[in-house]
Amino acid sequence: MGLFRRSKYEPGSAADSYVIAGLGNPGKEYENTRHNMGFRAIDVLSCDEGIDVSKSKFHSLIGRGRIGGRKIVLVKPQTYMNRSGIAVREAAMYFDVPPQNLIVIYDDIDLPAGSIRIRKAGGPGTHNGMRSVVEQLGTQDFIRIRIGVGAAGSGEDLVDRVIGKVPKAEQEILREAAAEAAAAARDIITQGVDIAMNRHNHK
């Protein structure tokens with residue numbers, strides 16, 4: 001029957017519900033790093049939509065609200081990046097959203113800093129958090145929003161790139177990218193994924 005099955009907790013509600021999970025690492029030392037772009041996008045949605053993301057459940061901080069009349073669950077896994085799939089799977093199973101109603105937002109070193117890419121499905125690439133999500137869900141058929149953070153430069157360590165300090169000149173680029181990723185998630189819910197892809201998948 002698979003992961004995305006009818007929930008015994010909220011019968012009849014799954015098709016109108018969305019789970020939006022932003023990947024990142026908990027703790028103040030990671031707050032404004034490139035690897036926490038998923039968290040930052042969730043924070044924008046939380047602020048814009050008035051959804052308090054502070055309830056501890058599913059190894060995550062979650063918040064429930066509505067966007068465009070549809071039920072929304074915002075999820076910030078607290079498992080650390082490499083085990084993100086545990087939290088995403090628990091939330092997806094509990095609310096029993098269909099695959100097209102699960103949206104995962106995360107950083108991507110293979111995209112230029114500040115760019116956004118929406119995909120309906122696909123592999124995890126080099127991202128350990130997404131690898132955990134795909135592994136735990138047992139499927140690649142869910143929507144993802146990738147936020148470009150740029151590749152490591154010559155001689156730059158990859159770990160330092162994703163969890164190190166972000167130069168001031170780049171901070172505004174990433175702030176705007178988090179806002180656009182939040183807008184992309186909103187458009188997916190209210191306008192549909194195809195329109196959202198046409199609107200946000202730019203260089």
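Mentor: Glu180, Ala183, Ala184, Asp187, Ile188 and Gln191 in helix 5 meet Val193, Ile195, Ala196, Arg199 and His200 in helix 6. Contact here means heavy atoms within 4.5 Å. By class, the residues of this contact of helix 5 with helix 6 divide into 6 nonpolar, 2 polar and 3 charged. Ala, Val, Leu, Ile, Met, Phe, Trp, Tyr, Cys and Pro count as nonpolar, Asp, Glu, Lys and Arg as charged, and the others, Gly among them, as polar.

This is a predicted model, in which local features need pLDDT of at least 70 and side-chain atom pairs count only at pLDDT 80 or more, while totals for chains, interfaces and linings use all residues. Residues are numbered from 1 along each chain as its sequence is written, and side-chain values use heavy atoms, with hydrogens and water left out.

Two packed helices are described by the angle between their axes and the distance between the axes. Helix 5 covers residues 168–191 and helix 6 covers residues 193–200; they pack at an angle of about 150°, and their axes are 7 Å apart. Helices (H or I, at least four residues) are DSSP runs, numbered from the N terminus, as are strands (E, at least two). The axes are lines fitted to C-alpha atoms, for helices over the stretch in contact, and angles run from 0 to 180 degrees between N-to-C directions. Helix 5 and helix 6 are therefore roughly antiparallel to each other. Angles over 145 degrees count that way, those under 35 as roughly parallel, 65 to 115 as roughly perpendicular and the rest as oblique.

Another helix pair can be read in the same terms. Helix 2 (residues 84–95) and helix 3 (residues 128–137) pack at about 45°, with axes 7 Å apart. That angle makes helix 2 oblique to helix 3. Their crossing is right-handed. On the helix 2 side the contact is made by Ser84, Gly85, Ile86, Val88, Arg89 and Ala92, and on the helix 3 side by Gly129, Ser132, Val133, Gln136 and Leu137. The contact of helix 2 with helix 3 has 5 nonpolar, 5 polar and 1 charged residues.

Conventions
A crossing is left-handed if the near helix is turned anticlockwise from the far one by less than a right angle, and right-handed if clockwise.
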